[in-house]
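Hi,

Here is the structure I promised to pass on to you. Have a look at it first, and then read my notes below with the model open beside you.

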Amino acid sequence: VVLTRIWTVADRTLGDLALNELEVRRTFTTDSPTLGAYSRFGWRHPGPVAFYLLALQNRAFGSGAQALSTAAVILNAGWLVWAVTVLRRRGAAAVATFGSCLLLAGAAMGINGLGDAWNVSLTILPLALFMISCWGILCGDRLARLPAAATYVFVVHTHVGVGVVATPLALATIAAVLLVPDLRRVHRPTRFDLVVAAVLALAAFGPIIGDTVRRPPGNLLELLRWSAGADRDVIGLSAAIRLLGRTSSLGFPLSSQPPRFLLWVDTDALGVAPGIFVAALVLLGGVAAWRRCREEFLVSAVLTVMWGSGLVAARSVLDPPEWWLVEWLRPLGWMTVAATALLTWRVVVRQFVPPTAGVRTAGVLVVAGAVGVAVIGEWRTVAEFDHRAVTSVEPVDDLTTAVEAAADGRIVRITTNDPDFFGENMLAGVVNEATRRGVDVCVDSRLAYKFPEELVCTGAETSVLLLSLIHISEP
């Protein structure tokens with residue numbers, strides 16, 4: 001569905017997507033990116049691994065907006081396949097419940113669905129796979145260690161907020177493997193494993209450490225200074241509890257816009273039966289522990305840790321909250337729905353209903369229904385993308401053609417008289433398209449936190465082009 005819509009509608013990227021496309025195109029060159037996507041708060045996310053994982057597919061399909069979306073579809077499809085591979089070792093019911101919810105979490109994620117290459121959207125499926133893999137590790141699955149490590153590095157690099165939420169579970173899983181005798185025997189940690197863990201830690205945090213060494217104090221200080229800023233207004237504990245209660249309410253999976261529950265984020269709205277899925281998860285986990293159902297208890301424990309770290313992270317979200325700061329709630333919510341369904345079946349229903357052919361058929365129908373809902377949601381979201389694509393192509397192309405005409409072999413400084421969201425979004429789109437066409441352009445130093453260093457003007461430019469935004473009232 002997504003690929004069909006991507007390749008039948010012309011498109012140009014704007015704003016954050018244009019800046020991401022610019023960074024992806026720079027990979028494997030002499031100016032390869034060493035940090036992640038920019039933040040509008042003046043720093044960059046820790047690492048560039050997402051740019052490199054999108055780069056080869058992007059080049060193979062032509063290095064444009066459609067190619068970037070195609071690369072994102074391929075990457076997200078890879079996460080889904082890897083997740084199903086891990087889930088198969090946890091049984092058919094785990095594949096049915098978690099697989100269905102993975103589809104629902106992935107559908108309609110971002111402005112063009114599974115093809116959304118925005119760094120916030122790119123973390124949704126990897127975070128879900130990370131939770132599933134940690135569950136597998138605690139159940140004794142040695143093969144789950146690789147996806148757990150890969151997804152952790154990915155989310156830390158791609159969005160620092162998601163990395164903060166994932167880190168407590170990563171540390172708890174490592175501690176369990178090292179300290180619990182049964183897990184220690186299964187995983188048999190050796191010196192080689194410790195070396196590999198050190199290499200992975202370096203891969204996760206090496207880019208931001210390297211940046212600090214190269215230009216001290218660098219991006220790390222800016223990130224820490226912003227995080228500790230006394231002038232930051234945050235939503236606080238009570239609003240965070242309401243936000244998490246809404247995400248674990250019946251309104252989450254039963255949203256009127258299936259399968260996406262939009263968090264545009266009204267912290268006063270609680271949804272229907274707020275917190276019901278978390279309460280059910282904890283209760284069923286307790287029943288599983290009482291009945292010595294080890295795997296079922298462990299999935300409850302994994303998600304409980306994630307909800308705890310999520311609560312701590314949510315209370316520090318800026319006030320008023322923006323949905324892109326808490327997008328990690330979506331995969332957490334869907335994985336909780338999946339775990340509740342799995343535990344209900346294994347701990348309660350299966351005790352009274354034998355797994356007959358009719359029950360298996362019902363399970364297949366539920367999965368088929370989830371696939372259908374996911375396809376509908378994906379189609380609706382990508383249909384909205386069509387309108388944005390159509391309205392962005394002509395102005396970006398016209399302005400880029402004007403830049404080419406003004407350049408004539410010279411460097412062009414591109415500026416805008418509109419410092420607000422729209423003007424800088426269009427500016428990013430034109431800069432990206434101009435560099436894709438091979439035109440030498442640069443931007444004002446005030447935008448240095450957004451653009452690569454080599455695209456920041458030095459004062460030696462021979463031509464200036466002004467992109468002027470005029471606000472016209474409706475007739």
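C134 is buried, with a relative accessible area of 2%, and C101 is buried as well, at 7%. Here buried means under 20% relative accessible area, exposed means over 50%, and partly exposed lies in between, with a 1.4 Å probe and protein chains only.

Please keep in mind that this is a predicted model: local features need pLDDT of at least 70, side-chain atom pairs count only at pLDDT 80 or more, and totals for chains, interfaces and linings use all residues. Residues are numbered from 1 along each chain as its sequence is written, and side-chain values use heavy atoms, with hydrogens and water left out.

While we are on cysteines, how many disulfides does the count come to? It comes to 1 disulfide, taking a disulfide as a pair of cysteine sulfur atoms within 2.5 Å. The pair is C442 and C457, with sulfur atoms 2.1 Å apart. C442 sits in strand 2 (residues 441–443) and C457 in the loop between strand 2 and strand 3 (463–467), so the pair links distant parts of the chain, 15 residues apart. The torsion about the S-S bond of C442 and C457 is about 90 degrees, so the disulfide is right-handed. Both ends are buried: C442 has 4% relative accessibility, and C457 has a relative accessible area of 12%.Helices (H or I, at least four residues) and strands (E, at least two) are DSSP runs, numbered from the N terminus.

Now the chain as a whole. It has 18 helices and 3 strands, and 53% of its 475 residues count as buried. Among contacts between residues at least 6 apart in sequence, 76% join residues at least 24 apart, where contact means heavy atoms within 4.5 Å.

E23 has its place in helix 2 (residues 15–26) and is buried, with a relative accessible area of 5%. Not counting residues up to four places away in sequence, E23 touches P33, R44, F51 and P452.

Next comes helix 3. Its buried residues are A50, F51, L54, A55, Q57 and N58, and they pack against helix 2, helix 4, helix 6 and helix 8. Just after helix 3, G62 takes a positive phi of about 110 degrees.

A cavity is a set of points on a 1 Å grid over the protein atoms alone where a 1.4 Å probe fits but cannot get out, and lining residues have an atom within 4 Å of a point. Grid points are joined across faces, edges and corners, and a volume is the space filled by probe spheres set on the points. The structure holds 3 cavities of 30 Å³ or more, and about 60 Å³ of space lies in the largest cavity. Its lining has 15 residues, of which A37, A50, F51, N119 and T158 lie nearest the centre. Which helix gives the most to this lining? Helix 3 does, with 4 residues. Helix 3 (49–60), helix 6 (119–122) and helix 8 (145–158) each supply at least two residues.

The lining of the largest cavity divides into 9 nonpolar, 6 polar and no charged residues.

On to the aromatics. A search of the whole structure finds 7 aromatic pairs. One of them is W79 and W82, which are stacked: 6.4 Å centre to centre, with 5 degrees between the planes. Rings of Phe, Tyr and Trp (its six-membered ring) pair if their centres lie within 6.5 Å, and planes under 30 degrees apart count as stacked, over 60 as edge-to-face and the rest as tilted. W79 and W82 are 3 residues apart in helix 4 (residues 65–88), so about one helical turn separates them. Buried or partly exposed? W79 is buried, with a relative accessible area of 7%, whereas W82 is partly exposed at 27%. Together with F154, W79 and W82 form one aromatic cluster.

Last, a look at S133, which has its place in helix 7 (residues 124–138). S133 counts as buried, at 0% relative accessibility. Leaving out residues up to four places away in sequence, S133 touches V86, A144, P147 and A148.

Note on methods
1 Å grid on protein atoms, 1.4 Å probe; cavity = no way out; pocket = protein on both sides within 12 Å on 5 of 7 lines; lining within 4 Å. Nonpolar A, V, L, I, M, F, W, Y, C, P; charged D, E, K, R; others polar.
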